[in-house]
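Please look over the structure shown below before reading on. The briefing that follows is arranged by topic.

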Amino acid sequence: MKENQIIEKIHSCLDCKKCLESCDTYLVTQDELKSPNGRLKIADKIYSNIEITDEELNSMYTCTLCGICDLVCVQKIPITEIIHASKAKLVELGKAPLEIHEKIIEGILKYNNSVNGNPEERLNWLPEKYKAEELFEQKDSDTLLFLGCMSSFRVKESASASYEILKKAHYDFKILKNEPCCGEYVYSAGKVEIAKKIMEDNFSLFKNLGIKNILVTCAGCLYAFNKIYPKYIKNFNINVKHVIQVIHELEKQGKIKLKPLNKRVSYHDACRMVRKLNNLKIYREPRELLEKTETSINELNKKEENTPCCGAGSGIRGVDSSITIKIGSKIFEEVNSKLIISACPLCVFNYRYVNYKTQNNIETKYITDFLLDALE
Ligand code: SF4
Ligand code: SF4
């Protein structure tokens, strides 16, 4: 959107405040500055060249960019797009991002990952039995399994289980020895120019390797490759899927068989997988696969396109972890089982953090890790 269109959209807000009750950062803080309506008012100040306070800056960076406000706004204002554009504008003006973002972005540029992981440990997730045969870039395949920083370093079993299920189904794919960061964190922080450079470099790398398809394990990478890359990279013609879509296809084709586990779980839809990529609608596939294992699903009050963010979207945990813990706890109150399943490693990592902080005794598993136990 051009600046005049953004301003016009901001001014179309009726101040009806109907969006407040849908925004988790408002609900857990009861602070209007941390609501969609409040953030539009801050955006108005930014675009009117009025100095914003530290508290207002913090409000822009505690938005999870979950996108629920875009759905509920009576005026159909693209609120998350405006919040993101405002952050980018603040960066242009030299007033953002926050110190924590600068530190993480420095790590991304130096070590190619957003979690301060040692690059030499990036492949520690690779199952021992496959190490000798793995050819990495040399493998003749046009499909790349892109693990992302969270799966590679923080929720390693999401990488290893996804890899192993694909291997067992004799699915043709390759992985990279030195995988880069997708750039979503940098983009969300408002550092668009740096994010563009990361995206261009990654696209050249994929093209040079003849990649035509990418499978991802992370909702953030899925969103980046499906929505952000095509916006900034001309001719971005790579077909991008979540690994669970492919595993679902493989099960339908009889290439993998799942045996009963007879468990009871809660399934959390990652906001970036279902609402922000509502063209993909990836909520049927994980549920159907869980049902194949005769697992009963205790649905949360809000699911599919209305799903809440786990509380860690857009790096808000680094800005104000108390909001993350409150949002996570609110979701835990609805969980009527001892196990949450998610198809996003960031959600898994975050729920484990919230559980550690609140001692709720709720376990969280990445979906392929759960399904691996059911593989015949
Ligand atoms: S629902 Fe839309 S129009 Fe109403 S206050 Fe919220 S942002 Fe403004
Ligand atoms: S994107 Fe989510 S957290 Fe941000 S203002 Fe909208 S509803 Fe609130």
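In strand β6, I341 is the bridge partner of Y267. The model is predicted, so local features need pLDDT of at least 70 and side-chain atom pairs count only at pLDDT 80 or more, while totals for chains, interfaces and linings use all residues. Residues are numbered from 1 along each chain as its sequence is written, chains are lettered from A and ligands numbered from 1 in the order in which they are written, and side-chain values use heavy atoms, with hydrogens and water left out.

**Strands and sheets**

- Helices (H or I, at least four residues) and strands (E, at least two) are DSSP runs, numbered from the N terminus; two strands pair if DSSP finds at least two bridges between them.
- Strand β4 (residues 264–268) and strand β6 (residues 339–342) run parallel and are joined by 3 bridges.
- An open sheet of 4 strands, paired in parallel, has the order β5-β4-β6-β7.
- The edges of this sheet are β5 (296–297) and β7 (363–366), each with a single partner strand, so one side of each has no neighbour in the sheet.
- Strand β1 is joined by 4 bridges to strand β2 (residues 213–216), and the two run parallel; L215 in β2 stands opposite L145.
- Strand β1 (residues 143–146) is covered on both faces, with T143 and L145 buried on one side and L144 and F146 buried on the other.
- Buried means under 20% relative accessible area, exposed means over 50%, and partly exposed lies in between (1.4 Å probe, protein chains only).

**Helix α6**

- The expected span of a helix is 1.5 Å times one less than its number of residues. For the 14 residues of helix α6 (residues 79–92) this gives 20 Å, which agrees with the 20 Å between its end C-alpha atoms.
- Because 12 of its 14 residues are buried, α6 is largely enclosed by the rest of the structure.
- Among the buried residues of α6 are I79, I82, I83, H84 and L90.
- These buried residues pack (contact means heavy atoms within 4.5 Å) against α1 (3–11), α3 (36–47), α4 (54–60), α5 (68–72), α11 (184–188) and α12 (192–208).
- G94 follows α6 and has a positive phi, near 75°.

**Ligand surroundings**

- A residue is near a molecule if one of its heavy atoms lies within 4 Å of it.
- The residues around ligand 1 include C13, C16, C19, C73 and I79.
- Ala, Val, Leu, Ile, Met, Phe, Trp, Tyr, Cys and Pro count as nonpolar, Asp, Glu, Lys and Arg as charged, and the others, Gly among them, as polar.
- By class, 8 nonpolar, 2 polar and 2 charged residues form the shell around ligand 1.
- Around ligand 2 there are 13 residues, of which C23, R39, C63, C66 and C69 come nearest; by class, 8 are nonpolar, 4 polar and 1 charged.
- Helices α3, α5 and α6 each supply at least two residues of the shell around ligand 2.

**Cysteines**

- A disulfide is a pair of cysteine sulfur atoms within 2.5 Å, and by this rule the count is 0 disulfides.
- The closest cysteine sulfur to that of C149 is in C181, at 4.0 Å, which is too far for a bond. C149 is buried, at 7% relative accessible area.
- The sulfur of C309 lies 4.2 Å from the closest cysteine sulfur, in C271, again too far for a bond. C309 counts as buried at 5% relative accessibility.
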